Amino acid sequence: MDLITTEAPDYEPKATSTSFTTLLNLIGLLIGLGQLSTAYALQNGGWASVFILIGLFFLGAYTSHLLGLCLATDVRLKSYADIGFLAFGRTGRYVSLFFVNMESFMALVSFTISMTDNLNQVLDGYKLHISLFNLTTAQSLTVIAIIVCIPSVWLKNLDSISFISTISIILSFLICIVLACTCFFGGVKANQHIDVFQVKNIFSVSGLYIFNIASHMAIPNVYRSMADPAAFPIISFVSFTVVSALYTFLAFLGAKMFGPGVSSQVTLSMPKHLVFTKIGLWAAVIVPMTKYVFFTVPMASEVERHLPAKMALWKRTVIRSAAGSLFLIIVLVLAITIPFFATVLGLTGSLVSIFISVILPIAFYLKIFRHRISLASLVIHLIIVAICLVIGIMGVISNTKSIIKQFHH
């Protein structure tokens, strides 16, 4: 297994994360854009579609556990791509790297679109004019925000950035509280009608739901940063359960409050004159900024891992930092070019997240533990993979059509 890692042991960060900081990191990874889009997804998919959301969270917790089992087989496994190599050789590594980098890329594009949309709403009514490269004020501020975030992607040990997870969690719960306050004290009654099930929208909506569990590419980093990896299964289950409950609550509350008119980001539907709205919008602007490091670190780590083991530490650090910075700049350009939040997020879920979070972890597990798996277990896992493939393909078709339609308009 010479290709598992080429990184010199001297540069490996020590596993120092406690169970609590690991829990914060996992919850921080899971919480994000999903909370803004769940109300839109529920309204367009029908209230019964929430069972798809809950089912996906439990499936995500299970597949993260499968990745943990794979990681436990060899201490040299450091990344998602390493697990792919252990299971399927070079092909497994290259396929893993493709999907990991695609998910990072597309997710960050969605985060950046979200930041711009919420900034635009925050600035509505203010006479503020900042223009960089002939961009709007909101887009210009997004450029500045990305530049501010770039140094965070130079960090290496996830334990050192657990405070970022804490900030993300606090702001995400703040958005939840603000939405509830808007309902109870802002004069917006939660009495809108929600259909039971809208079959015609289910595949486009499924992409939004699938994106909510998109965290698996960073799980090896989190797992290896743990001082006690044996606690990973229960921590994973708790984190997925907590976020699942939060998202279900937000989905129903937002859909009941704003009905068919709910925006793809629930913060954009809140009454502009309320102080609650301003707080929610600013929280929605800052949350994406806390995500850049988590989605960029795995990609930067993979770049560094392919550098010669004897290369000087400072050179490795410079190359790693440059790769992460360039990645964010490309993301920024695409987000400004394709500003369609819901469809980009849904396409990310259907095209990439379903592979990273469900299909590939199951495939790795079945291959690595093939001699220990019963026939019944094999059949069940293959059925899950087949169902997810169909959902993913249909979701890609639906969201691609939507993007083409929006471009024509």
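**Close-ups of a predicted model**

**View A. R76 and its salt bridge with D74 in this predicted model.** With 40% relative accessibility, R76 falls in the partly exposed class, since that class covers the range between 20% and 50%. Its side chain meets that of D74 in a salt bridge, 3.1 Å from N to O. D74 itself is buried, at a relative accessible area of 14%.

**View B. The salt bridge between D82 and R93.** Here the N to O distance is 2.7 Å. D82 is buried, at 0% relative accessibility, and R93 is buried too, at 6%. The salt bridge count for the model comes to 2.

**View C. A nonpolar patch on the surface.** V196 sits in the loop between α6 (162–185) and α7 (202–211). At 49% relative accessibility, V196 counts as partly exposed, because exposed would take over 50%.

**View D. Helix α2, residues 34–45, mostly under cover.** Of the 12 residues in α2, 10 are buried, among them L36, A39, L42 and Q43. G34 and G45 are on the buried list as well.

**View E. Helices α12 and α13 packed together.** Helix α12 spans residues 341–368 and α13 spans residues 375–408. Their axes lie 8 Å apart, at an angle of about 160 degrees. That makes the two helices roughly antiparallel, because angles over 145 degrees count that way. The crossing of α12 and α13 is left-handed.

Conventions:
Residues are numbered from 1 along each chain as its sequence is written. This is a predicted model: local features need pLDDT of at least 70, side-chain atom pairs count only at pLDDT 80 or more; totals for chains, interfaces and linings use all residues. Side-chain values use heavy atoms; hydrogens and water are left out. Patches are made of residues with over 30% relative accessible area and no salt bridge: like charges are joined within 9 Å, nonpolar side chains (Val, Leu, Ile, Met, Phe, Trp, Tyr) within 5 Å. Accessible areas come from the Shrake-Rupley method with a 1.4 Å probe; for residues, only the protein chains shown count as cover. A salt bridge is a side-chain nitrogen of Lys or Arg within 4 Å of a carboxyl oxygen of Asp or Glu. Helices (H or I, at least four residues) and strands (E, at least two) are DSSP runs, numbered from the N terminus. Buried means under 20% relative accessible area, exposed over 50%, partly exposed in between (1.4 Å probe, protein chains only). Axes are lines fitted to C-alpha atoms, for helices over the stretch in contact, and angles run from 0 to 180 degrees between N-to-C directions. Angles under 35 degrees count as roughly parallel, over 145 as roughly antiparallel, 65 to 115 as roughly perpendicular and the rest as oblique. A crossing is left-handed if the near helix is turned anticlockwise from the far one by less than a right angle, and right-handed if clockwise.
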